[in-house]
Amino acid sequence: MQVEKCRLVQVRLNIPNGGMVGHTGDVEANVVACKAAKEVVKMILDVVDQVGGIFVVTVDHGNVEDMVKMNKKGEHVLDKEGNVQILTSHTLQPVS
């Protein structure tokens, strides 16, 4: 994609894929969402490079990076059938 250089000072985007889909508990949907977010970020980076811009990423909390409930020992929490319990709330892990 060709982009002409412009005098635009700032563009803000929200790519909610991992955050919003993470709350569903659907692991397969999260894989798709993360792949889509990765593709979108790559497209944005390509355009930013073409115009000589700066790309800054911020995040507010974790969710999709750890979709399995853990106990205080760091072990997976299992349900009555022995399956791991899916975590749909925000994690307490630092985001970077």
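1. Ile86 lies in the segment that follows α2, the helix running over residues 27-50. In this predicted model, Ile86 has a relative accessibility of 30% and therefore counts as partly exposed. Together with Val27, Val31, Leu78 and Val84, Ile86 makes a nonpolar surface patch of about 360 Å².

2. As for the chain as a whole, the secondary structure consists of two helices, with zero strands. Of the 96 residues in the chain, 15% are buried, and the chain exposes about 8000 Å², of which carbon and sulfur atoms supply 57%. When contacts between residues at least 6 apart in sequence are considered, 55% of them join residues at least 24 apart.

3. The geometry of α2 can be checked against its length: with 24 residues at 1.5 Å a residue, the helix should span 34 Å, and because its end C-alpha atoms are 35 Å apart, the two values agree.

4. Both ends of α2 have local features that a reader may wish to inspect in the model. At the start of the helix, a side-chain oxygen of Asp26 comes to within 3.2 Å of the backbone nitrogen of Glu28, while just after the helix Gly52 adopts a positive phi of about 70°.

5. Which residues of α2 are buried? They are Asn30, Ala33, Ala37, Ile44 and Val48, and these buried residues pack against α1, which covers residues 17-22. In general, an α-helix has 3.6 residues a turn, so residues three or four places apart point the same way.

6. How many salt bridges does a search of the whole structure find? The search finds one, and it is formed where the side chains of Asp46 and Lys42 meet, with an N to O distance of 2.6 Å. Because Asp46 and Lys42 are four residues apart in helix α2, they are separated by about one helical turn.

How values were computed:
Residues numbered from 1 in each chain as written. Predicted model: local features only at pLDDT ≥ 70, side-chain atom pairs only at ≥ 80, totals over all residues. Heavy atoms only, no water. Patch = residues over 30% accessible without salt bridge, like charges linked within 9 Å, V, L, I, M, F, W, Y side chains within 5 Å. Areas by Shrake-Rupley, 256 points an atom, 1.4 Å probe, with all protein chains shown as cover. Salt bridge = Lys/Arg side-chain N within 4 Å of Asp/Glu carboxyl O. Buried < 20%, exposed > 50% of the residue type's maximum accessible area, 1.4 Å probe, protein only. Expected span 1.5 Å × (residues − 1). Contact = heavy atoms within 4.5 Å. Polar contact = N/O pair within 3.5 Å; in protein donor to acceptor, adjacent residues only side chain to side chain.
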